[in-house]
Amino acid sequence: MSWQIERKLAERLADETGYYKYPFGTRRAMALCYPNTYEVAMSNLGMQIIYREVNERADWLCERAFLPDKELAALYAKERSPLLTLENGRPLCDFEIIGLSVSFEMDYFNIPVILEQGRVPVLAADREETDPLVVMGGPVAFFNPEPLSPFVDVCLIGEGEGLIHSFLDAYTAGREAGESRQALLRLAKVPGVYVPSLYRHEYDEDGRLRAIVPEDGAPASVRRQWRELTGPGETVVATPHTEFGAMYLIEIARGCGRHCRFCMAGYCYRRPRVRPLEYVKEAVLRGKRLGKKIGLMGAAISDYPYIDELVEFIRSQGLAFSCASLRADSITPAIVKGLAESGQKTITLAPEAGSTHMRDIINKGITEEHLLHSIDLATAAGIRHVRMYIMIGLPMETDEDIEGIVTMTRRVQAHMASIGNKGKITLSINPFIPKPCTPFQWMAMTDQKTVEKRLAYIKKALDKDKQIEILAEPLRQCYIQGVLARGDRRVGQLLALAHQYGGVKGWKRAVKELRFDVQDFLYTERPVDAVLPWS
């Protein structure tokens, strides 16, 4: 190992508290990889929870590896070194199991990069007995693992705290019984474990998925696994070098009962569960001992039934706190007062659409009156700025619905002025992407040119106002996400070829070479009786 790489890894580890480090070789070894840089990865609470679960076992150790940032990537290239884990500086190819925690579609492109840099065959079909078993978990495995099936041997379908133990127990028993790495049928019989190679996908002459056929002995279907929130759900490894480095993250709830028709959180994590208030208070005190701000995690923070008492407790400890976007119909004076006292200058709300017509279609359940009331509470507490999440290109959207975004923004601005609030409004606008396992999973995406036109209309109507800021994700990436989110195994072939041509930069070339019909894939509504890749 290069001394420069060794020094960088040692410096990063020295800034952490809470990590586990066992002598390599004293236990079975798993490497846990998040397919993005350290700064992004260590902001992911789910990955940290699994890291703790494995390391708390008596028979396994778990180390971490990440996509190198620019500085480390240059050192790896210079030294021609394999990708190394943080704890003991071991190459990925030294581990029995490589775990991939995957949360976002655009990170798919980083998975073959990590495997290749770790000296692990990129394609599952090319791996031999001495190669690691590549296992994927995380939200992506929940809703549609098929685009990544060429790269992984096993997928864990469900919430990982309990499932990881069932899987590791079965794997360990098989190895101790003398079974080979390739003995995947034993693993496939564990509830929640999906082995892609044991299922054949058949297509009709039009290229539509016709059937998913299990091999003899493989379960006909795989049931997602759920867990009550009885175990720890807070920061494991504290480090200043992340997006949320100043925060101690605490998951106060999981799932959402609101049933917005576009949102995976309300369907993949159904049913909603909350952590006991006493546990959360104890976690807050653990964060206090580390001198951290408290970051509350959950799909709908203001829906937490004990939120006011929790906020008052956090503030009574002299701690600041933060949270993601709030439900405008469940926000309380205690929440906004606590946020203001914590130094927050902006309230973030998610109406998602500008018209009542569109919000009814997506089942958002928020009215303009809810928005204005939330702004009243925030203004009274001293929070002046407003950020609103908006989607365009939603199913059944009309030009009037787009005009509704403009008029809603103007009414919000006029209301703010009427109560003496001269703060800024930020619209974060992104196109609708249909997601698996939601009521909109069969819907087509709106044509990119139409979305561009509608976005341009909103910008033209509002851009000249210095008190209104419009932020939008690059549309090209959104439409790649549209393919990846609902992709089948052929999309996995597309990813593999794009990797050869440079990842995202090679996407267009790979599409052309494979003659992949992106237009049909994105813009054709799927029959409700269709066999879907995640069926």
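**Exercise 1. Classify the packing of helix α16 against helix α17, and state which residues meet.**

Step 1: geometry. In this predicted model, local features need pLDDT of at least 70, side-chain atom pairs count only at pLDDT 80 or more, and totals for chains, interfaces and linings use all residues. Residues are numbered from 1 along each chain as its sequence is written, and side-chain values use heavy atoms, with hydrogens and water left out. Helix α16 spans residues 448–462 and helix α17 spans residues 475–485. Helices are DSSP runs of H or I, at least four residues, numbered from the N terminus. The two axes come within 11 Å and cross at roughly 140 degrees. Axes are lines fitted to C-alpha atoms over the stretch in contact, and angles run from 0 to 180 degrees between N-to-C directions.

Step 2: class. That angle makes α16 oblique to α17. Under 35 degrees counts as roughly parallel, over 145 as roughly antiparallel, 65 to 115 as roughly perpendicular, and the rest as oblique.

Step 3: hand. The α16 and α17 crossing is right-handed. Right-handed means the near helix is turned clockwise from the far one by less than a right angle; anticlockwise is left-handed.

Step 4: contacts. From α16 come Gln448, Val451 and Glu452; they meet Leu475, Arg476 and Tyr479 of α17. Contact means heavy atoms within 4.5 Å. These residues divide into 3 nonpolar, 1 polar and 2 charged. Here Ala, Val, Leu, Ile, Met, Phe, Trp, Tyr, Cys and Pro count as nonpolar, Asp, Glu, Lys and Arg as charged, and the others, Gly among them, as polar.

**Exercise 2. At what angle do α12 and α14 pack, and which residues of each meet?**

Step 1: geometry. α14 covers residues 368–381. α12 and α14 pack at about 40 degrees, with axes 9 Å apart.

Step 2: class and hand. The pair is therefore oblique. The crossing of α12 and α14 is right-handed.

Step 3: contacts. Pro333, Val336, Lys337 and Ala340 of α12 meet Leu377, Ala378 and Ala381 of α14. By class, this contact has 6 nonpolar, no polar and 1 charged residues.

Technical notes
Helix = DSSP H or I, 4+ residues; strand = E, 2+ residues; numbered from the N terminus.
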